[in-house]
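Me: I would like to learn to read this model feature by feature. Please give the general idea each time, then the case.

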Amino acid sequence: MAHRPNILKLATKISLESLTYTGITYKDPEYRILEPIVDDDMCQIMMHLRLEANRTVEEIARRAKKSVEFTQKQLGKLREAGVIRIRRVDGKDCWYYPIWVPGIMEGILSNREQCDRYPVLGECFEEYTRRRVSMLAPFMDVGMNMMRVIPVQSAIENNTRKASYDEVARLVENAWAISVGPCSCRRARRLMGEGCGHLEEDMCMYLNDNAVNYSETGAHRRISKEEAFEILKRAEDNGLVHELNVAPGYEDTTAICNCCGCSCFALRIATYFRAPDAVRTNYIARVDKDKCTACGQCVENCQVNAVKLGQKLCDRPANEPRPAETPRNTLWTSKRFAPDFRTSRTDVTEEGTAPCKAACPAHVPVQAYLRLAGEGRYAEALALIKQYNPLPAVCGRICHRPCEKACLRGEVDEAVAIDDVKRFLADLDAKAETRYIPPLRNPRGVAYKERIAVIGAGPSGLSCAYALREMGYPVTVFEKAERPGGLLRTVHAARLPAGILDAEIDVLLQMGVELRTGVEIGKDLTLDALRAQGYRAFYLAVGAGAAELPEGMEPEASMRQANRSRRPALPGIDLALTERGMVRADAKTAQTSVEDVFAGGDATGTGFSVHAIAAGRKAAASIHRFVHAGQTQLLGRDPENYKAFARRSAQIPVSSLSPVPRCRPDESGALSEEQVRTECGRCLGCGTAVVDQFMCVGCGICTTKCRFGAIRLEKIHDADNLEYFHTLGRIAASVPGKGLSIARKYIGKYGAGNA
């Protein structure tokens, strides 16, 4: 494509006025993002606008020596493209453009039609925020970036040291216009084929003049203050961080974004460049280890991976990790960046964490639900379990109990009766009046339209259907038998009364899962027929056929031996198989050789029901990514790489423990309520959350997830938000002092000749 000198001149003009000019060329994102969407007439008019300067159409026309009608038309096209904006001053429309980011580039990305036509727009946004920020990020002190995190309001409401510029609620209350629209960062990631599963729609809010501007172009929709607070709450529920565009200063904040660390270009300053000071709040998270139960909710929802699970009972203090070298005291070059941050996330410290959570294939937070049950908070305990395992009554009776085998209490007397407690809680759920039905969990709060088919109603299929429906997908489960349950209803029938299984399946039906029994896929219906009906993805959980057990054998542990001869039945479904004849599915994503088919459970060689349940949940996350364009399977995915601490490093307080024999269930296999509380009290509580206080940006999301008040925000800074040009000045002023400090460090370490 021929180079356009007029567009290069326009890009240079914007950069000069923004004080970001470094020599714009035809290869730079500033030029490439304008070139496809700004024609020559538009460019000619835009050359007569100024950064943040209000100009009427008459004034612009006079400067451009064009008619008002011609000028008005070009201004309208520029506004539609997101390149310029309008604000109303004294009843008159005034035109201007903001800085590149946050500003022009986000505006360009807000127009979906033009973005889908020109995917390069997303590449330019990503490249600009990576290249230009890399030079500044190491020199930014607390809160200097133009996009900055602001704490969750509930996390600071009781903090007497909070300041007005720490409060997101104040911005909403004081706004005279609010709109909501797409997240530009997530849209850019999608256009690049790098989406993380966090979708773009209805994520970012504009305020006041910007709300009017983008709602009038159709990129956003106007909302009430009540809906704005609902959006913020849903974002918090889904672990998303609030960030502000404070380029005009806090009082004139133009946008409130709800961001994920795996796509956001502002949070990337903390994770990619490892320079969290630039975007952090005035707060930091602190953990009260005596209250912490290592449930992992804070870990899973920390968007910058600053919280991990560690241990309490160790032979040396579990010091909160803090890098010895940071941008505060070290020459910070690209060698210290973390470009693989989207795939290098970890859930535990190097020492490891509570063995029960690590050993459980579904990583159910055992220590946490034991504490909740011990306090009589049965509904909360059950809700927590079901986030990881939707069939607790089933598992409470048939699980091979790896958590109990790993339980540290076994070093004292006997392991905690973890599964029996889970069964007690799950049996309460079997009663209709106390049944837990999970709420819809997605950031928009609106059900998805993409239809998903689950083939097989065994533990893996039911688990996948539960997770998908919880996200809001229309799910149909097809089962060739007349009754759902798979091996749970046949092989495990002796230990699993039908009423219990039916009660757990009934929860899925109450959630809205459609169940069609007596239908064999490949015989009665083909995948192609289901595709024609609108099904977008399939989870294959057909099992591997019933096995006959040998006689006497128990079922900005001996089941594996019997399983060896089992094979999945796959009539009419052409999939790659393993040497054993099982379905070949990716270990991390569950995707098969047919891209819209995912598989798990016995069909892929899974050993136990709890493994099958975990596989169903993993597949649901993969299917969610698959059915939305531009999303990857691995980037930004939680690897759930839990590991137990070394038992030899644990310092068990034997001298302070009174021997408490393990409680035994009655003839029906159930514990009494008194026994449950006794058993929960036997837990040693050996795991805890640990906060990396350098990486923590003080968003407060962790505080909204903790059921025990074990993590809170503490104010340690008092940095306000200055207007863009004042911020640039503050950054420039900080460079000499920081540089001198770093130089002194190196001179002291290596000598003047090598500094």
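Reply: Start with helices. Helices (H or I, at least four residues) and strands (E, at least two) are DSSP runs, numbered from the N terminus. The expected span of a helix is 1.5 Å times one less than its number of residues. This is a predicted model, where local features need pLDDT of at least 70, side-chain atom pairs count only at pLDDT 80 or more, and totals for chains, interfaces and linings use all residues. Residues are numbered from 1 along each chain as its sequence is written, and side-chain values use heavy atoms, with hydrogens and water left out.

Me: What span should the 13 residues of helix H5 have, and how far apart are its end C-alpha atoms?

Reply: H5 covers residues 68-80 and should span 18 Å. Its end C-alpha atoms are 18 Å apart, which agrees.

Me: Which residues of H5 are buried?

Reply: Buried means under 20% relative accessible area, exposed over 50%, and partly exposed in between (1.4 Å probe, protein chains only). In H5 the buried residues are Thr71, Gln74, Leu75, Leu78 and Arg79. They fall within an arc of 140° seen down the axis of H5, so they line one face of the helix. The arc is that of the directions from the helix axis to the C-beta atoms. Glu69 and Lys73, on the other side of H5, are exposed.

Me: Why do residues three or four places apart point the same way in an α-helix?

Reply: An α-helix has 3.6 residues a turn, so such residues point the same way. Now try helix H13, residues 225-237. Its 13 residues should span 18 Å, and the end C-alpha atoms are 18 Å apart, in agreement. Ala228, Ile231, Leu232, Ala235 and Glu236 are buried in H13. These cover an arc of only 135° around the axis, which puts them on the same side of H13. After H13 comes glycine 239, with a positive phi near 80°.

Me: Which residues have a positive phi although they are not glycines?

Reply: Leucine 19 is one of them, with a phi of about 60°. Alanine 590 is another, with a phi of about 70°. Compare their surroundings. Leucine 19 is in the loop between helix H1 (5-18) and helix H2 (29-34), and at 56% relative accessibility it counts as exposed. Alanine 590 is in the loop between helix H25 (559-563) and strand S15 (597-599), and is buried at 4% relative accessible area.

Me: Where is there a cis peptide bond?

Reply: It joins valine 101 and proline 102, with omega about -5°. Proline 102 lies in helix H6 (residues 100-109).

Me: Now strands. Which strands does S11 pair with?

Reply: Two strands pair if DSSP finds at least two bridges between them. S11 (residues 451-455) is joined to S14 (residues 535-540) by five bridges, and the two run parallel. Here arginine 451 has tyrosine 535 as its bridge partner in S14. Four bridges join S11 to S12 (residues 475-479), also parallel. Isoleucine 455 stands opposite phenylalanine 478 in S12. S11 is mostly covered, with four of its five residues buried.

Me: What is the hand of the crossovers?

Reply: A crossover is right-handed if, with the strands pointing away from the viewer, the path from the first strand over the helix to the second runs clockwise. S11, helix H22 (residues 459-471) and S12 make a right-handed β-α-β unit. So do S12, helix H23 (residues 498-511) and S13.

Me: How many disulfides are there?

Reply: A disulfide is a pair of cysteine sulfur atoms within 2.5 Å. A search of the whole structure finds zero. For cysteine 185, the nearest cysteine sulfur is that of cysteine 264, 4.6 Å away. Cysteine 185 is buried, at 9% relative accessible area. For cysteine 292, the nearest is the sulfur of cysteine 298, 6.1 Å away. Cysteine 292 is buried too, at 8%.

Me: Last one: is arginine 409 buried or exposed?

Reply: Arginine 409 is buried, with a relative accessible area of 3%. It sits in the loop between helix H20 (402-406) and helix H21 (418-429). Its side chain reaches the backbone oxygen of arginine 682 at 3.1 Å.

Definitions and conventions: Polar contact = N/O pair within 3.5 Å; in protein donor to acceptor, adjacent residues only side chain to side chain.
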